[in-house]
Amino acid sequence: VPRRAGSPVDREEGVVLRGDAVVLATGAWLPSLAAPLGVRTRVQAGRGYSFTVKTDEPVETPIYLPARRVACTPYQGRFRIAGTMEFRGPDEPLQPRRIDAILASVRHLFQGVDLDDRHDEWVGSRPVTPDGLPLVGATRTRGVYVAGGHGMWGMVLGPATGRALAHLVTTGETPDEIRAFDPLR
């Protein structure tokens with residue numbers, strides 16, 4: 001099947017891509033690819049849960065409930081409630097008891113919020129390391145690099161990580177800002 005430049009390639013088609021460098025940035029799925037390359041620091045899925053509910057009045061600002069460890073934000077005309085952290089495999093299904101625990105912790109705090117009409121129930125796997133530091137840099141295999149383990153900060157730190165890693169890939173010099181994140185530590 002002919003493909004346009006830049007279009008995705010299906011692994012099952014047996015297409016081989018060649019390049020001078022590759023960056024593994026697979027989130028909570030990083031360990032299975034990076035371990036054979038010398039990356040020993042554990043990365044596991046810290047899974048957070050959320051759902052949305054309808055409110056009598058629009059909510060316009062985020063709300064954080066530190067004693068409950070629950071964050072709430074406006075989301076597409078609804079109220080998104082997020083919380084909890086569990087460690088499971090990244091592909092394991094949503095655990096309804098986690099949603100129930102969030103509900104139990106906030107039910108008495110809200111008025112005008114329909115907690116029984118939930119939508120968008122979701123669990124997301126955030127890649128976390130035991131020391132809280134991401135893995136950014138070269139592996140033991142020439143031309144193979146990793147960028148992962150950013151926890152809940154991946155979207156925020158992604159551009160800076162990419163810039164520093166691009167410098168390493170193109171020059172062979174590790175920028176000071178990622179030195180502590182050596183994936184071979």
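Predicted model: local features only at pLDDT ≥ 70, side-chain atom pairs only at ≥ 80, totals over all residues.
User: Hi! I'm new here. Which strands make up the five-strand sheet, and in what order?
Analyst: Welcome! The order is β3-β4-β5-β2-β6, in an open sheet with antiparallel pairing. At its edges stand β3 and β6, each of which pairs on one side only.

User: How much are neighbouring strands turned against each other there?
Analyst: By 25° on average, with direction ignored.

User: And how many bridges join β2 to β5?
Analyst: Eight, and the two strands run antiparallel.

User: What holds paired strands together in general?
Analyst: Strands of a sheet pair through backbone hydrogen bonds, and they can be parallel or antiparallel.

User: OK, let's zoom in. Where is serine 50?
Analyst: Serine 50 belongs to strand β2.

User: Buried or exposed?
Analyst: Buried: serine 50 has a relative accessibility of 4%, and the cut-off for buried is under 20%.

User: What does serine 50 touch?
Analyst: Leaving out residues up to four places away in sequence, its contacts are Arg80, Ile81, Ala82, Ile99, Asp120, Glu121 and Trp122. With arginine 80 there is also a polar contact between the side chains, at 3.5 Å.

User: How far apart are serine 50 and valine 70?
Analyst: They are 20 residues apart in sequence, and their C-alpha atoms are 9.5 Å apart in space.

User: New topic: helix α2. Which of its residues are buried?
Analyst: Helix α2 covers residues 96–106, and Ile99, Ile102, Leu103, Ser105 and Val106 are buried in it. Seen down the axis, the buried residues fall within an arc of 165°, so they line one face of the helix.

User: Why would residues three or four places apart point the same way?
Analyst: An α-helix has 3.6 residues a turn, so residues with that spacing point the same way.

User: Which exposed residues sit on the face of α2 turned away from the buried side?
Analyst: Pro96 and Ala104 are the exposed residues carried there.

User: And what do the buried residues of α2 pack against?
Analyst: They pack against β2 (44–55), β3 (63–65), β4 (70–75), β5 (78–88) and β6 (113–128).

User: What about the sheet of three strands?
Analyst: That sheet is open too, with the order β1-β8-β7 and mixed pairing. β1 (22–24) and β7 (135–138) each have a single partner strand, so one side of each is left without a neighbour in the sheet. Neighbouring strands here are turned by 20° against each other on average, direction ignored.

User: Which helix packs on that sheet?
Analyst: Helix α3 (residues 154–171) does, and it touches β1, β7 and β8. The direction of α3 makes about 165° with that of β8.

User: How do β7 and β8 pair?
Analyst: They run antiparallel, joined by four bridges, and β8 spans residues 144–148. Leucine 135, for instance, has glycine 148 in β8 as its bridge partner.

User: Last one: what is threonine 139 doing in the loop between β7 and β8?
Analyst: Threonine 139 is found in that loop, and with a relative accessible area of 8% this residue is buried. Its side chain reaches the backbone oxygen of valine 144 at 2.9 Å. A polar atom of the threonine 139 side chain also lies 3.1 Å from the backbone nitrogen of threonine 141.

User: Which residues is threonine 139 in contact with, leaving aside neighbours within four places?
Analyst: Those are Leu37, Val39, Val144, Tyr145, Val146 and Leu184.

Notes:
Residues numbered from 1 in each chain as written. Heavy atoms only, no water. Pairing = 2+ DSSP bridges. Axes fitted to C-alpha atoms, helices over the stretch in contact; angles between N-to-C directions. Contact = heavy atoms within 4.5 Å. Buried < 20%, exposed > 50% of the residue type's maximum accessible area, 1.4 Å probe, protein only. Arc of directions from axis to C-beta. Polar contact = N/O pair within 3.5 Å; in protein donor to acceptor, adjacent residues only side chain to side chain.
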